Each structure stands twice: as C-alpha cells, then as structure tokens.
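Let's take a walk around this protein together. Keep the sequence and the 3D view open as you read.

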Amino acid sequence: MCGIVAYLGDKQAYPVLIKGLHRLEYRGYDSAGIALLKAGDPIQLYKCKGKVSDLEAFSEGKDITGTIGVGHTRWATHGIPDDKNAHPHFSESGDLVIIHNGIIENYASLKKELMNRGHVFKSDTDTEVLIYLIENIQKNEKVGLVDAVLIALNQVVGAYAIVVLSKDNPDLMIGAKKGSPLVVGVGNNHEYYIASDATPIIEYTRNVVYLDDEEIVILERGKEMKIKTIRNQDKTPYIQELEMQLETIEKGGFDHFMLKEIYEQPRSIRDNMRGRLNKELGEVTLGGIIDYQNKILNTKRIIIVACGTSYHAGLIGEYLIEDLARIPVEVEYASEFRYRNPIIDEDDLVIAISQSGETADTLAAIELAKSKGATIFGICNVVGSSIARATHAGSYTHAGPEIGVASTKAFTAQVTVLTLMALVFAHRKGKITEARYHMLLNSLDKIPSQVEEVLKLDAQIKYISSIYKDANNCLYLGRSYNYPVALEGALKLKEISYIHAEGYPAAEMKHGPIALIDEEMPVVVIAPNKGAYEKILSNVQEVKARGGKVIAIVTQGDQHVKALADHTIEIPEVEEELTPLISVIPLQLLAYHIAIMRGCNVDQPRNLAKSVTVE
Ligand code: G6P
C-alpha cells in the first residue's frame, strides 16, 4: 500500500528519496513520484505510472537538486493508476505539495464544496482535495501553514499519513497521521526523515519517533522537532532506538525476498522460541502475558481477528487452543467482525494477529473489541507498529522484516507463538498431561531442524513445479490442522502465480469441488500420517478415480498415499499439532517456483499490497 518517504537536511534529497522508494516497493504500488524544494524556486514535481525505475528514467536530465523533498509510491484507491493520480499532488496554485497514504472518506462532499466555489481539480484522488482544502484555509483564514494543516485535519474524516511542503516555507516539512503509519527519523544536526515504515530510514539513523494518531510533526531546518495533536496540544517526542538490521531488508544473495524469507524459517522459528521455550525445565514463558496473566488465563472465550495469511494462522490457533487448552475459540476476518455487531464483553480475550501491525481492518476490529471492554492480545511482527501499540498485551513474532508480499516466515512465526500460547494455557489450566506437555515441548524444539530438512527438498519441488506451471486451476486439500494449511497453500499460489487456487477441507470436496476434477486439475493433498490419515487416503482415491493429478505432502516412509499419488513430497514425522509448521514449507516453495516459471514478479505481485492500511 502507499509508501511515504521524506527528507529535510544537508544532503541532496533526491538520492535519499529514490533509495527510500525502492525500499518501500515491497508494500505494493502502481505509480511513484517525488517533489523537491529549493528556496526561491517553484516546487519540482516528477511522477509517473509504473515502477520507481520508471520514475528515475523520467526524472533523468531534469533538475533534481534540493535538500528537502518528498517521495511516494501509490497503491490506487480513488482513481485509476495513471500519471495524474500519482502523488505528490500540488495545491491549486502549485505552491503547496502533499503525499498521502490512507483514504479521506468525506472527500466527495469537501470536493463538491470547493468546486462550487470555483476550484478546478486535476486528478480523481481524495488526496488532492486535502491539499486544496489546506491552501483554501491558508488563504481565506490568513493563517500559516501549520495552522492551516491543523484546521484541515479537523475537517477530514478517514485515515491519513501525510507530508506537506510549501514553496513559501522552504525549510519546513509537516507530517501528520491518523490510522495510517508514519515514523520520523532523527539524524544528526537536525536532519529529519519521515517514512511509512523504518525501511527507508534505517541506513541513516536508528533514532525514530512513531507518531500517534491525530498527531502532527513540525520539522524545521536547524530546529528541534515539534509534535502537537491536531487539537493543538504540544506533545513531547519519544525517541526510540530501532533494532532492525540493514541486512535483514536486503536480499542477501537470494534472487528474491520471498525465497530468502522461506529459507530463513529455521532461524526465525528458533528466534521466536528463544527465551520462551525451555524444554529442560519444561517451561514456556510468554513475557507478554505476565501483566494480564489472570485475565488471559481465566478467559472463557477467545476471539481471534486477522486478515489474509494471519487469518490462516489464526485458524490453526483455534485448533491448537481448543484441542490442548479446551478454551472455546472463534476466528474471524477482522473486516467482517467489525461490521457485524459481534457479541463481545469484558471476559473475552481478543487475539489480533498481524505481520505488519498496520492492517486497517484489524486495527478497527481491535478498537471495537476494546470499546466493549475485552482484553486485547497482539501477535505482531513489526515492533512498534500501530497494532502492537493498540493492544493491552502481546508477543512479537521476531521473524525479522518480511519484504516479500506473500507472507511466509511471518506465518510460521505466528503459528509458533500460537502453539506456545496454547501450551501455556493448557499447562496452567491443567488440561494437558505432563507427559504430553513435555513431549510437545521436545517436538517443538526440533521443528527448526525439521524445517531445514524440508528445505532440502527444494530441487524436487522445483521439478514438480515445472510439470504444473501451466495449470489454470489448482485444488488444495487438508484435514484438521492441515485444512488451514491448504487454505494458505492456495493463497500463496494465487497471490504470486495468478493461478486460480482453492483450499478445501478434504472431506468437503465431495460437496462441490469434485465436479471440477479432471486430468487438467492438479490437487495438492496434505496427508501426514496423523489424525484423519485413513480418511484423507479415501479422498486421494476419489481424486484419482476422476483422473485428477495428485501432489501429496506425506510423512517420510509413507506407503499408502505414495501408491496412489502422482508425486509425493516426504516431510519429517511430527506431532499432529505441529504439522502445519512443516507441511506449509513445500507449499511455499511450490508457489514460488511455479510463479518464477510463469515469469511473475513474486516479490511484488500485481494489485497486492504488503501492508493494507486502508479499509
Ligand atoms: C495483505 C498481505 C498479506 C497479509 C495480509 C494481512 O493482504 O498481502 O500477506 O497476510 O495483508 O496482513 P497483516 O500484516 O495484518 O498480517
């Protein structure tokens, strides 16, 4: 989703902005632009549809000097992706310029009002309305830029992260946020950066301030930063140190971030469990639980809210917590939950799962649950993100930055945290025998090395991918713990290869998808030797009887499914509760290789955004 980067300091802004925009590419976008400011000159603005590299080509030979500037990658919401709708947007006079992430929900009425007063708009965006509004306030109410921004932000409804520059104030940069994320980087000698996330900032400074909702930051050359609320109350900036390492946001020798992140999973799962799982002492410690321990452990019901891949992790969480700890769990798409008047009360525990910690629907679901008095526990990857800050308690997944749009290591990290939670709940509530508890701790401890074993199957999976790369459809079947894995496998394939794929509980195939099966239909069946193995064997038979091609994920040494399937991928034997952490790996690799063979851009698939900051 839209990415923001801005710079004010002694360096030339253009290289900082372009590099920053490249760093933000992972968020998903369709056009890019920059604006540069120099005292006494008109604002230079370059923008175009396409990639950041297109913008670089477009600005070649033009005046790209200036030590203050803004850059933007746009993910279209209002208005098609084209040059005129790309950001930055000028005010009507061209004296002000804005970049924006979010949606101004009342833009239509504001626009109408401005048009009635004779103003003429050049784009179809809600953003342009905001900068026209700011300019109008400045002129009509004879106020300075900061006040005009404050007044305008009090008139808009919706979400925004913005940066505004003015030709008449060439040493001033104003940022503000509500709903969408914004972080300010503080360099030496009053050098400032603003960005949607820390990735464009990390190589220049580790000192950052995360803005809160309805806060505005005023950055002036040579001066200390000022933060105010949009109701004009002064706030003291809280400077934090970034822990992120630069290497973690680079490809490190891999062709794509997605592949790098798939291969990082042994490490990320290990990091996740470090300090939390102590198999010798038989202890699981989740620091995030401590303050709300009683409330969390005594909850009568858990509601998990999430979107996309995080939702699939949530489904596995439901199976784990109900199975091991016997606490009722409901899992909901955050986007549905918040609009359907759900029953929530003070005794409920709501677990919000989000890689980015910025998903607008998940944030809104949290606010709704909070307003009803529920305790909110966050499972987030991005430290300091909005969701991490909006929850009462939480556990980070410690997977490190995930740049590939298709989530991989964040998924296994989320499932790891949910497994640890389920074990804590089960043990503290006495719902699990000591023997089983210790056995699961021991098995969990081995998962990272078992993931390493699965990664060694990459060449075989690549070969299988070459056979099915031209498929038009693909079905994924799994039962019990592996049903959410089937959903996740199908999501990976469709996201990055654009092959239509569906995940189904294997037994449900008979109630519909079986009609689709013919010789052209690859069916990926997750069939480890645990749980409903016999039943899934019958499902494989049903597919084969109709000529479907079966790619089966089986336990090492399997004979029965192997005898029927066209291809088998053998994964190590693990306890049923832990299979998702292993069985999902071949599905990630399968999607990756198929997408590469189809010539797709796996790290930046069309239309998708890594961080969905609009509703
Ligand atoms: C987008 C991303 C997905 C992600 C989903 C939820 O759709 O492309 O990869 O699973 O958002 O994001 P979150 O950051 O809340 O986990």
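By class, how many nonpolar, polar and charged residues does the shell around the ligand have? Four are nonpolar, eight are polar and one is charged. For that count, Ala, Val, Leu, Ile, Met, Phe, Trp, Tyr, Cys and Pro are nonpolar, Asp, Glu, Lys and Arg are charged, and the others, Gly among them, are polar.

Before going further, a word on what you're looking at. This is a predicted model, where local features need pLDDT of at least 70, side-chain atom pairs count only at pLDDT 80 or more, and totals for chains, interfaces and linings use all residues. Residues are numbered from 1 along each chain as its sequence is written, and side-chain values use heavy atoms, with hydrogens and water left out.

**Around the ligand**

The ligand is surrounded by 13 residues, and the closest are S310, S354, Q355, S356 and T359.

| Residue | Part with the N or O atom | Distance to a ligand oxygen |
|---|---|---|
| S354 | side chain | 2.6 Å |
| S356 | side chain | 2.6 Å |
| A609 | backbone | 2.8 Å |

The protein covers 92% of the 390 Å² of accessible area that the ligand has on its own. Accessible areas come from the Shrake-Rupley method with a 1.4 Å probe, and for residues only the protein chains shown count as cover.

**Two buried residues**

R338 lies in the loop between α10 (334-337) and β20 (348-354). Is R338 buried or exposed? R338 counts as buried because its relative accessibility is 17%; the cut-offs are under 20% relative accessible area for buried, over 50% for exposed, and partly exposed in between, with a 1.4 Å probe and protein chains only. The side chain of R338 makes a polar contact of 2.9 Å with the side chain of D361. Not counting residues up to four places away in sequence, R338 touches D361, A364, A365, L368 and E615, where contact means heavy atoms within 4.5 Å.

H567 sits in strand β27 (residues 567-571). With 15% relative accessibility, H567 is buried too. The side chains of H567 and Y468 are joined by a polar contact of 2.8 Å. Leaving aside neighbours within four places in sequence, the contacts of H567 include I464, I467 and V550.

**Strands side by side**

Strands of a sheet pair through backbone hydrogen bonds, either parallel or antiparallel. Two strands count as paired if DSSP finds at least two bridges between them.

For the parallel sense, look at β21 (residues 375-380) and β22, which pair over four bridges. Across that pair, I379 stands opposite S395 in β22. Strand β22 (residues 393-396) has a covered face, A393 and S395, and an uncovered one, G394 and Y396. Strands β23 and β24 also pair in the parallel sense, over six bridges, with N473 partnered by H500 in β24. In β23 (residues 473-478), five of the six residues are buried.

For the antiparallel sense, there's an open sheet of seven strands in the order β5-β6-β7-β8-β12-β13-β14. Its edge strands are β5 (89-90) and β14 (234-235), each of which pairs on one side only. In β6, the bridge partner of H89 is I98.

Most residues other than glycine have a negative phi, and most peptide bonds are trans. Which peptide bond is cis, with omega near 0°? That's the one from H87 to P88, and P88 lies in the loop between β4 (68-74) and β5.

K142 has a positive phi of about 50° although it is not a glycine. K142 is found in the loop between α4 (126-140) and α5 (145-155) and is exposed, with a relative accessible area of 73%. Y498 also has a positive phi, near 65°. Y498 lies in the loop between α16 (482-497) and β24 (500-505), and at 27% relative accessibility Y498 counts as partly exposed.

Key:
A polar contact is a pair of N or O atoms within 3.5 Å; within protein, one must be able to donate a hydrogen and the other to accept it, and residues adjacent in sequence count only if both atoms are side-chain atoms. A residue is near a molecule or strand if one of its heavy atoms lies within 4 Å of it.
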